[in-house]
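Subject: Structure for you to look over

Hello,

The structure I promised is below. Please open it beside this message and follow along; my notes come after it.

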Amino acid sequence: MRIKPSASIRQNYNEIAALCKSTGEPVYLTRNGEGDLVVMDIEAFSRREKMLKLREELLAVEEDRMTGREGVTPDELDNYLSEIIDEVENGR
């Protein structure tokens, strides 16, 4: 974890940007000794967001499994979607 005073973002933007890119970790900025902002590379942010989304999806699946909810097989899903497509195409 890197911690810098908030003034350093104004004075050393390129240095902070390079630090974020080279480490792939966020830089924590403080104001008057208190946490204020977090700055991170856009690629690291995108990876983090994807990871969080995947984690949410996995937790939802695990919750379904723990509560005994059953899913559908790929064949059941394929048949269901085929029926819907058939209904739409044939106006049923």
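A salt bridge here is a side-chain nitrogen of Lys or Arg within 4 Å of a carboxyl oxygen of Asp or Glu. By that rule the count comes to five salt bridges. One of them joins D64 and R69, whose closest N and O atoms are 2.3 Å apart.

Before the rest, some background. This is a predicted model, in which local features need pLDDT of at least 70 and side-chain atom pairs count only at pLDDT 80 or more, while totals for chains, interfaces and linings use all residues. Residues are numbered from 1 along each chain as its sequence is written, and side-chain values use heavy atoms, with hydrogens and water left out.

Salt bridges

For exposure I use relative accessible area: buried is under 20%, exposed is over 50%, and partly exposed is in between (1.4 Å probe, protein chains only). D64 is partly exposed, with a relative accessible area of 28%, and R69 counts as exposed at 53%.

Helices and strands are DSSP runs numbered from the N terminus (helices: H or I, at least four residues; strands: E, at least two). A salt bridge between E15 and K4 has an N to O distance of 3.8 Å. This pair links distant parts of the chain, since E15 belongs to helix α2 and K4 to strand β1, eleven residues apart. E15 is partly exposed at 47%, and K4 is partly exposed at 25%.

R31 and D36 also form a salt bridge, with their closest N and O atoms 3.8 Å apart. R31 is partly exposed at 48% relative accessibility, and D36 is partly exposed with a relative accessible area of 33%.

The sheet

Strands of a sheet pair through backbone hydrogen bonds, either parallel or antiparallel. In this account two strands pair if DSSP finds at least two bridges between them. There is an open sheet of three strands in the order β1-β2-β3, with mixed pairing. β1 and β3 are the edge strands, each pairing on one side only. From one strand to the next the twist averages 35°; axes are lines fitted to C-alpha atoms, for helices over the stretch in contact, and angles run from 0 to 180 degrees between N-to-C directions.

β1 and β2 pair in the parallel sense over four bridges, and I3 stands opposite Y28 in β2. β2 and β3 run antiparallel and are joined by five bridges. In β3, E34 is the bridge partner of R31. The hairpin of β2 and β3 has two residues between the strands, and N32 takes a positive phi near 55° there.

T30 is in strand β2 and stands opposite G35 in β3. T30 is buried, with a relative accessible area of 18%. Contact means heavy atoms within 4.5 Å. Leaving aside neighbours within four places in sequence, T30 is in contact with I3, K4, P5, S6, G35 and D36.

Which residues of helix α2 are buried? In this helix, residues 13–23, they are I16, L19 and C20. They cover an arc of only 95° around the axis, so they lie on the same side of α2; the arc is that of the directions from the helix axis to the C-beta atoms. An α-helix has 3.6 residues a turn, so residues three or four places apart point the same way. The face turned away from the buried side carries the exposed residues N14, K21 and S22. After α2 comes G24, with a positive phi near 70°.

α2 lies across β1, β2 and β3, running at about 170° to β1. Its buried residues pack against β1 (2–5), α1 (7–11), β2 (27–31) and β3 (34–39). With neighbours within four places in sequence left aside, L19 is in contact with R2, K4, G24 and V27.

A nonpolar core is a set of buried Ala, Val, Leu, Ile, Met, Phe, Trp, Tyr and Cys residues joined through side-chain atoms within 4.5 Å. The largest nonpolar core has five residues: I16, L19, C20, V27 and L29. α2 and β2 each supply at least two residues of this core, and α2 gives the most, with three.

Regards
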